[in-house]
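Q: I have a model open here and would like to go through it. Can you take my questions as they come?

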Amino acid sequence: MNQTTKNTMINRLDSDVRKVSIERISSSLESEEDYELQDKAPSIRPSKFSEYPGQLEVKRNLQVYVEASKLRKKTLDHIILHGAPGLGKTTLANIVANELGVPFVSTSGPAIDKAGDLAGILTGLEPGTLLFIDEIHRLSIKVEEILYGAMEDFAIDLIVGQAASARSVRMEISPFTLVGATTRLSLLSRPLLSRFGIQERLEFYDSAALEEILTRSAGILDIELTPQGAAEIAKRSRGTPRLANRLLKRVGDFAAVAKKNSIDKDVAHLALLRQGVDDHGFDRVDRKILQIMQEQYSSGPVGIDALAASLHEDRATIEDVYEPYLVYRGFIARTPRGRVLTQIAEKYLSTSTFLS
Ligand SMILES: Nc1ncnc2c1ncn2[C@@H]1O[C@H](COP(=O)(O)OP(=O)(O)OP(=O)(O)O)[C@@H](O)[C@H]1O
Ligand SMILES: [Mg+2]
């Protein structure tokens, strides 16, 4: 392809497709944290490794890769981050870009519905950019195919013209690092997964890490939090920083109305009880899941679809949000025949004062 054709193509992509993609990129910023950023409220999202407690192994690995990439002056290999919602995948992608000192461009699987959308984004990247694709398991196959060449050779193959005059043209793009995030690694296609040189899984956080996160957030939000108050909130945060931060804000509201200057153990305890969160961090839906499994399915095995129907909940919400933590805490076990309640769950159900 001659230079003029290439320029015309890039311009067309720039003016049409890219505009659409960028609009979608901005409209896909929909989490509570992103609104916070738009409101110019102080952000509690960490921007450096040193502000990101927990995930020690993942962090240690990424720090080495970032360091090596800087020393060798080579683009960092592509990274896939997977794990339950709210564990810090988006945050970590941001941190990696910051620590590398490269631009950060963010989009998501559902926001890119045409191959041209992705081509538009890729051709507009500055060299070294970290391109973050959230919910990467939701890319369509046509879009994925563009990504294969882009990841491997920093080039994209586009079909131009129609019918008999259609031909494939190859366009070089700037070297970049793709960071994909997903809550459902099993839904990622093999060819796509195999193109990520770095694959890291985020785990639920222990109490110590959550307490550190809560103390830092409280400082930024100007909320006084005692170590015992932090421990009380951490214990009920399902190992998840997003939930810990959210509970901190709600407990902070409660303390303000009760005219308490600081959040101590008692205030935290009372406020969380009012929120319907019990000692295990379980809420109404968790308890409902356990109860239904016991009462309607004789403690299992039960299939996920049957459970979703009984709960009137979406299957994906149960699989992504509720089940991972119940499995992690040993309340539910997954067997080839379906989910079963464990003895820990049976004991909880016979003793919890929270159940209706
Ligand atoms: N290790 C951490 N230290 C401090 N704050 C954290 C940490 N991990 C996550 N957070 C905070 O928790 C919130 C959720 O994190 P983030 O959006 O990165 O999660 P996620 O894994 O991308 O979730 P989702 O799967 O829903 O996209 C953010 O406000 C972030 O600031
Ligand atoms: Mg995210």
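Q: What order do the strands of the open sheet come in, and is the pairing parallel or antiparallel?
A: The order is β2-β3-β6-β1-β7, 5 strands in an open sheet with parallel pairing. The edge strands are β2 (104-108) and β7 (198-201), each of which pairs on one side only. On average, neighbouring strands of this sheet are turned by 15 degrees against each other, direction ignored. Those angles are between axes fitted as lines to C-alpha atoms, on a scale from 0 to 180 degrees between N-to-C directions, with helices fitted over the stretch in contact. Strands are DSSP runs of E with at least two residues, helices are runs of H or I with at least four, and both are numbered from the N terminus. Two strands pair if DSSP finds at least two bridges between them.

Q: Before I go on, what sort of model is this, and how is the numbering done?
A: This is a predicted model, in which local features need pLDDT of at least 70 and side-chain atom pairs count only at pLDDT 80 or more, while totals for chains, interfaces and linings use all residues. Residues are numbered from 1 along each chain as its sequence is written, and chains are lettered from A and ligands numbered from 1 in the order in which they are written.

Q: Back to the sheet. How many bridges join β3 to β6?
A: Strand β3 (residues 130-134) and β6 run parallel and are joined by 4 bridges. F132 stands opposite V179 in β6. Strand β1 (residues 79-82) also pairs with β6 in the parallel sense, over 4 bridges. There, I80 stands opposite G180.

Q: Why is β6 described as largely enclosed?
A: Because 6 of the 6 residues of β6 (residues 177-182) are buried, the strand is largely enclosed by the rest of the structure. Both faces are covered, with T177, V179 and A181 buried on one side and L178, G180 and T182 on the other. Buried means 20 or more other C-beta atoms within 10 Å of the residue's own, exposed means 12 or fewer, and partly exposed is in between, with C-beta atoms placed from the backbone.

Q: Ligand next. Which residues are closest to ligand 1?
A: The closest are G88, K89, T90, T91 and P241, out of 22 residues that surround ligand 1. α4 (89-100) and α10 (241-257) are the elements that give two or more residues to this shell. A residue is near the ligand if its C-beta atom, placed from the backbone, lies within 6 Å of it.

Q: How do the shell residues divide into nonpolar, polar and charged?
A: The shell has 9 nonpolar, 8 polar and 5 charged residues. Ala, Val, Leu, Ile, Met, Phe, Trp, Tyr, Cys and Pro count as nonpolar, Asp, Glu, Lys and Arg as charged, and the others, Gly among them, as polar.

Q: Where does ligand 1 lie relative to the domains?
A: Ligand 1 lies between domain 1 (3-201) and domain 2 (207-274), because both give residues to its shell. The domain bounds come from an automatic or database domain assignment.

Q: And α4, is that buried or exposed?
A: Mostly buried: 10 of its 12 residues are, so α4 is largely enclosed by the rest of the structure. Among the buried ones are K89, T90 and T91. α4 reaches 17 Å from its first C-alpha to its last, close to the 16 Å expected at 1.5 Å a residue. The expected span is 1.5 Å times one less than the number of residues.

Q: What is the phi of F154, then?
A: Phi of F154 is near 50 degrees, a positive value in a residue other than glycine. F154 lies in the loop between α6 (141-153) and β4 (155-160). D222 also has a positive phi, of about 60 degrees, and is not a glycine. The loop between α8 (207-221) and α9 (227-235) holds D222.

Q: Is D222 buried or exposed?
A: D222 counts as exposed, because it has 8 C-beta neighbours inside 10 Å. F154 is partly exposed, with 17 other C-beta atoms within 10 Å.
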